[in-house]
Amino acid sequence: MAKTSEVLRATLLRVSKGDKHREVEVLVECLDTLISSGLIRASTKSVILQPPEERVHYERFSLAKSDLFENLRKFVASGATYKNFHHLLPTPKQSVEWDLILAPRVDSLEALWRDYLISRFAAERIDETAGDIMSRILHIAFASKEHGHVTSPSSEAVDHSQVVQSFSDPPNHLNSYLTLLLNDPMSLLEQKPGIAGGIYICPYKKVVRSILVCHIENVVQVLFENAGLRIFRILLIEGYLSYETLERRLLIPQKEFRRILPQMIASRFVSTTEFSRAKDFNADTVVCLYSVNLSAVARLMIEYAQHCVLCLATRSDAELNSKSRLIDQRYRVESMISKHQEELIKLERREGMSEGADEEIESHRESVQALQNSLTPAEIGQLSILSNRLAKLAAAQWEAETAWFVADLYLRIYFDMEE
């Protein structure tokens, strides 16, 4: 949590490079939008220890812009530096209505991440235009606070006219794309009868399950190759199957089947259920059925993802530490180049330059050129390799974190609500 004035001042110091007065207006408007859209909680006092029924009395859904403008302009007039960061700020004992306490609404941020993953899933299934249409439908639905909860089973209903109005220039074949989304086997979109073309909803519960299954299939294919993927898919679709039925349905070499199935059972991707056809429980009467327990596999995916995130983060730290001296040198060079370029801009904009100004400009240019050549081609190559390696590690970590989030969301939607 943080005070509004402190957040705005810290942001102003980090992003402001031009007209600070203009930046103040942009930052306040942006923060007000985040609060009104429900992404940030604003309250007159801390609500952490307050019961839910009393939090409503302290919450605010807009900012006192005029008071914030006045305070920030005074901060800019005083120099807007880190040294005078606390200048003209209300003291902790003062209760100021306009200086609200801010905190992120985690549930709303998770809901936005869920919507983003669904729109990307639609783009992968069809194309970028379909993903854009899906994203707009989900953004319109998110505006409803009631159905914006991350564990909602479905989205708020969106009218066809709202989808059209969300585009300044609607894409060609919009209705065809909507039909593709409606007919997709992953249940990306569902339609209800309504006026002017119908009403659309996104069945979050079904789509999250489909995304989870895709992540699991990727892991299964890596661990057990195509034969393991076939076993997983058939058991997921068919449910409980006996050993003989499963072997007959797979159409893969018997040796490969008998090698991979025990591995999948040991790794907990396949579950077994045993029962007896008679009162006596012995080898002749026992029947073993194989199936996929998706909730158990989702928990397994969380374990895999957590382990993967830890390993990738450790690897990234090790890569950075191995080239720490070179990275520090690069940052120092870039910082010095930036300072010389700022001086160059000031000198070139100055009117009525003296005779020595040309020499000073030429000196700065020579310094910039010398700094740019201070890194050898071998060092530049090492930095390029490091950047590519870190980019790959970051992409892998993103995939692991996404799988973790999807698996956790599936368990929350399917089981937390039932409890």
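Which residue just after α9 takes a positive phi? Gly239 does, with a phi of about 90°.

1. **Before you start.** This is a predicted model, in which local features need pLDDT of at least 70 and side-chain atom pairs count only at pLDDT 80 or more, while totals for chains, interfaces and linings use all residues. Residues are numbered from 1 along each chain as its sequence is written, and side-chain values use heavy atoms, with hydrogens and water left out. The names of helices and strands follow DSSP runs, numbered from the N terminus (H or I of at least four residues for helices, E of at least two for strands).

2. Take a look at α9, which covers residues 204-238 and has 35 residues. Its end C-alpha atoms are only 23 Å apart, whereas a straight helix at 1.5 Å a residue would reach 51 Å. (That expected span is 1.5 Å times one less than the number of residues.) Now find Phe224, where α9 bends by about 130°. The bend at a residue is the angle between two fitted axes, one for the seven residues ending there and one for the seven starting there.

3. **Two helices that cross.** Two packed helices are described by the angle and the distance between their axes. For α6 (residues 128-142) and α8 (residues 174-183), the axes come within 10 Å and cross at roughly 80°. Therefore α6 is roughly perpendicular to α8, a label given to angles of 65 to 115 degrees, with under 35 called roughly parallel, over 145 roughly antiparallel and the rest oblique. The axes are lines fitted to C-alpha atoms, for helices over the stretch in contact, and the angles run from 0 to 180 degrees between N-to-C directions.

4. **Who makes that contact?** From α6 come Thr129, Ala130, Ile133, Met134 and Ile137, and from α8 come Leu174, Tyr177, Leu178 and Leu181. Contact here means heavy atoms within 4.5 Å. These residues divide into 8 nonpolar, 1 polar and no charged. (Ala, Val, Leu, Ile, Met, Phe, Trp, Tyr, Cys and Pro count as nonpolar, Asp, Glu, Lys and Arg as charged, and the others, Gly among them, as polar.)

5. **A buried aspartate.** Asp115 sits in helix α5, residues 106-125. Its relative accessibility is 2%, so Asp115 counts as buried; buried means under 20% relative accessible area, exposed over 50%, and partly exposed in between, using a 1.4 Å probe and protein chains only. Setting aside neighbours within four places in sequence, Asp115 is in contact with Leu138, Phe142 and Tyr204. Asp115 and Ser135 are 20 residues apart in sequence, with their C-alpha atoms 7.0 Å apart in space.

6. Most residues other than glycine have a negative phi. His173, in the loop between α7 (160-165) and α8, has a positive phi near 60°. Leu251, in the loop between α10 (243-250) and α11 (254-266), has a positive phi of about 60°. His173 is exposed at 59% relative accessibility, and Leu251 is exposed at 74%.

7. **Two serines to compare.** Ser316 lies in helix α12, residues 294-322, and counts as buried at 13% relative accessibility. Not counting residues up to four places away in sequence, Ser316 touches Leu390 and Leu393. Ser363 is found in helix α14, residues 355-372, and is partly exposed at 39%.
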